[in-house]
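Hi everyone, thanks for making time.

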Amino acid sequence: MDISAREKSIWIEFIITGAVSLYYFFASYMLSGWAQIASYEMGIVVRNVIIFSMIASIILYGLFGRETPEDKDERDLAIESKGNACGYFALTILCGLLVAFIMLSEGRVLLGKASAINGPVAMHLILIALMISALFKQASQLFHYRRG
Amino acid sequence: MANHVIKNKIRQLRFEHEQMTQSALASSVGVTRQTILSLEACRYSPSLELAFRIAQVFQVPLEEIFKYSPD
């Protein structure tokens, strides 16, 4: 499989983003359903995310990303542009859904049927939206690199 | 980005020009080798500027290299 240094770099970013996202959201959700933001356990999760990202980057770039990517040519710029468009589209949709979700939750609160979304939950939902949009961007770039 | 509408003879012209390598052609026109690979496989359509640069390298008219054939 003929892969350029730039494409390898995107693969590495994609893998690290995906793995770190999965760990962060699984680990933080296990802490009493995301309510414990300012807690010792949350600090441990954040510390582990940072350490894991650094180690994964060192290992993956050391093994597969030693070449310096060439300057971007027109195809690289076109693929990057498509990736950005895909990422922004995903972010827009997810933020729209988040706004709708918060509005519906507020409506349910007024009806006395549920408690309002608190700050930590909203923060995590925004982080999810950002992580997913980053993954969409990278996945789109990889798809177009493979497709030609 | 896959595009079967524009065909080209870049590979054939490379062989006719002293077996020019993809890397050599890529360096001459200012793109990466993977872009030349995608061009030859007709999976990528070049910009007008890149098409002209390729034609200049091979010293042939644009129409001799690229053919537009809508499905």
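Where is the place of Glu67(A)? Glu67(A) sits in the loop between helix H2 (40-64) and helix H3 (74-110) of chain A; helices here are DSSP runs of H or I with at least four residues, numbered from the N terminus.

Before going on, a word on conventions. This is a predicted model, where local features need pLDDT of at least 70 and side-chain atom pairs count only at pLDDT 80 or more, while totals for chains, interfaces and linings use all residues. Residues are numbered from 1 along each chain as its sequence is written, chains are lettered from A and ligands numbered from 1 in the order in which they are written, and side-chain values use heavy atoms, with hydrogens and water left out.

Back to Glu67(A): at 45% relative accessibility, this residue counts as partly exposed. For that term, buried means under 20% relative accessible area, exposed over 50%, and partly exposed in between, with a 1.4 Å probe and protein chains only. Glu67(A) and Glu106(A) are 39 residues apart along the chain, and 52 Å separates their C-alpha atoms.

Now look at Gly87(A), in helix H3 of chain A. Its relative accessibility is 7%, so Gly87(A) counts as buried. Leu135(A) is 48 residues away along the chain, yet the two C-alpha atoms are separated by 7.6 Å.

How do H1 (residues 5-29) and H4 (residues 119-147) of chain A cross? Their axes come within 10 Å and cross at roughly 155°; axes are lines fitted to C-alpha atoms over the stretch in contact, and angles run from 0 to 180 degrees between N-to-C directions. H1(A) and H4(A) are therefore roughly antiparallel, the word for angles over 145 degrees.

On to chain B, and its helix H4 (residues 48-58). Leu50(B), Ala51(B), Ile54(B), Ala55(B) and Phe58(B) are the buried residues of this helix. Down the axis of H4(B), they fall within an arc of 140°, so they line one face; the arc is taken from the directions from the helix axis to the C-beta atoms. Leu48(B), Glu49(B) and Gln56(B) are exposed on the other side of H4(B). After H4(B) comes Gln59(B), with a positive phi near 55°.

Last stop: Arg14(B), in helix H1 (residues 10-16) of chain B. With 5% relative accessibility, Arg14(B) counts as buried. Its side chain is joined to that of Glu40(B) by a polar contact of 2.5 Å, meaning a pair of N or O atoms within 3.5 Å, where within protein one must be able to donate a hydrogen and the other to accept it, and residues adjacent in sequence count only if both atoms are side-chain atoms.

Terms used. Helix = DSSP H or I, 4+ residues; strand = E, 2+ residues; numbered from the N terminus. Parallel < 35°, antiparallel > 145°, perpendicular 65-115°, else oblique.
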